[in-house]
Amino acid sequence: GAFAAGAHFILKPRGMDAVKIVITELNPGRSFTDCTTFFGAQMFDTHAMVETSSGLELINILEVRGPLAWLWVYLVARHVAHTVPQEMEALVQKAAEVKHA
């Protein structure tokens, strides 16, 4: 479907159950935030692009809220945070391929 606030997609991480992720905020060409709901908590992941004097800066902010946030940080968010550098590098490489295609 359309990439728009309110839209959702299903993510199936390796070795884990599939989760529904909802786009909660969209600022076209600048940022978007998605939300995964767990029992007792929600995980928000904000992805942003900021033009700086030295080039494009990619920003990723991960926040877990709710009474069981501590549990989901331990079970999920720590792993997500550890994979961000590899995901950013893959995104940069993909963007370079598209730019030069």
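Leaving out neighbours within four places in sequence, T33 is in contact (heavy atoms within 4.5 Å) with V22, I23, T24, E25, F44, D45 and T46. This is a predicted model, where local features need pLDDT of at least 70, side-chain atom pairs count only at pLDDT 80 or more, and totals for chains, interfaces and linings use all residues. Residues are numbered from 1 along each chain as its sequence is written, and side-chain values use heavy atoms, with hydrogens and water left out.

**Around T33**
- T33 sits in strand 3; strands (E, at least two residues) and helices (H or I, at least four) are DSSP runs numbered from the N terminus.
- T33 counts as buried because its relative accessibility is 10%, and buried means under 20% relative accessible area with a 1.4 Å probe, protein chains only.

- M43 touches residues beyond four places away in sequence, among them F38, V64, V76 and A77.

**Helix 1**
- There's a kink of about 45° centred on V76, the bend being the angle between axes fitted to the seven residues ending there and the seven starting there.
- Helix 1 has 31 residues, yet its end C-alpha atoms are only 39 Å apart, short of the 45 Å a straight helix would reach at 1.5 Å a residue (1.5 Å times one less than the number of residues).
- Its buried residues, including T83, V84 and M88, pack against strand 3 (31-38), strand 4 and strand 5 (55-65).

Definitions and conventions. Buried means under 20% relative accessible area, exposed over 50%, partly exposed in between (1.4 Å probe, protein chains only).
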